[in-house]
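My notes follow in the order I took them.

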Amino acid sequence: MTTDHRTSFHRFVEFINSGDATIGETVISPEATFMTPFSPEALRGLPGYLQILTIMRGAFSDIQWSVDQVVVEYDTVAARFTLRGTHDGEFLGTPATGRAVIAHASNFYRFVDGRIVDEVGQPDLLSILGQIGALPPSLG
């Protein structure tokens, strides 16, 4: 089956920006694995990705991801994002500050039949933590 991975990827971005699980069901394989700095073990399937969104939306309720660059090769999509949000909830132990945050992420996705089967995501946590004042002054 030939699938347009670029179209599936943009549908995935629609999912993460809306949080609409019905969209997520169409672009995430039930067997998908997600490697994230928020968990030492891979998160799995749509429930796993919803955990990631819960962490991010719990800390930045208005968070939105915009796509800066997409490269598609065979079954792999590499993407660079800019994320923007307001720190209005606890994030990795840091209470809400009300500060606006802008950071980048670089992620790699593998698709099978139009659905994500694995992702390795690397948000710039150091930048986010610095912007919310969670780092010592010499590191922020």
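Entry 1, charge pairs. I started with Asp 75, which is partly exposed, with a relative accessible area of 28%. This is a predicted model, which I keep in mind throughout. I then looked for the partner of Asp 75 and found that its side chain meets that of Arg 110 in a salt bridge, at 3.9 Å from N to O. The pair links distant parts of the chain, 35 residues apart. I place Asp 75 in the loop between strand E3 (64-73) and strand E4 (76-86), and Arg 110 in strand E5 (residues 100-112).

Arg 110 is partly exposed, at 32% relative accessible area. I checked Arg 110 for another partner and found a salt bridge with Asp 118, where the closest N and O atoms are 3.1 Å apart.

How many salt bridges does a search of the whole structure find? I get three. One of them is between the side chains of Arg 11 and Glu 14, at 2.9 Å from N to O. Both residues lie in helix H1, three residues apart, about one turn of the helix. I read Arg 11 as partly exposed, with 32% relative accessible area, and Glu 14 as partly exposed, with 39%.

I moved to His 5, in helix H1 (residues 5-18). Is His 5 buried or exposed? His 5 counts as buried because its relative accessibility is 11%, and the cut-off for buried is under 20%. Leaving aside neighbours within four places in sequence, I list its contacts as Val 72, Tyr 74, Asp 75, Val 77, Phe 111 and Gly 114.

Next I checked how H1 packs with helix H3 (residues 45-59): the angle is about 50 degrees and the axes are 10 Å apart. That makes H1 oblique to H3. On the H1 side I note Phe 12, Phe 15, Ile 16, Asn 17 and Ser 18, which meet Leu 46, Tyr 49, Leu 50, Leu 53 and Arg 57 in H3.

I found a nonpolar patch formed by Met 35, Phe 108 and Val 120, with about 270 Å² of accessible area together. Met 35 is in strand E1 (residues 28-35) and is partly exposed, at 36% relative accessible area.

Terms used:
Residues are numbered from 1 along each chain as its sequence is written. This is a predicted model: local features need pLDDT of at least 70, side-chain atom pairs count only at pLDDT 80 or more; totals for chains, interfaces and linings use all residues. Side-chain values use heavy atoms; hydrogens and water are left out. Patches are made of residues with over 30% relative accessible area and no salt bridge: like charges are joined within 9 Å, nonpolar side chains (Val, Leu, Ile, Met, Phe, Trp, Tyr) within 5 Å. Accessible areas come from the Shrake-Rupley method with a 1.4 Å probe; for residues, only the protein chains shown count as cover. A salt bridge is a side-chain nitrogen of Lys or Arg within 4 Å of a carboxyl oxygen of Asp or Glu. Helices (H or I, at least four residues) and strands (E, at least two) are DSSP runs, numbered from the N terminus. Buried means under 20% relative accessible area, exposed over 50%, partly exposed in between (1.4 Å probe, protein chains only). Contact means heavy atoms within 4.5 Å. Axes are lines fitted to C-alpha atoms, for helices over the stretch in contact, and angles run from 0 to 180 degrees between N-to-C directions. Angles under 35 degrees count as roughly parallel, over 145 as roughly antiparallel, 65 to 115 as roughly perpendicular and the rest as oblique.
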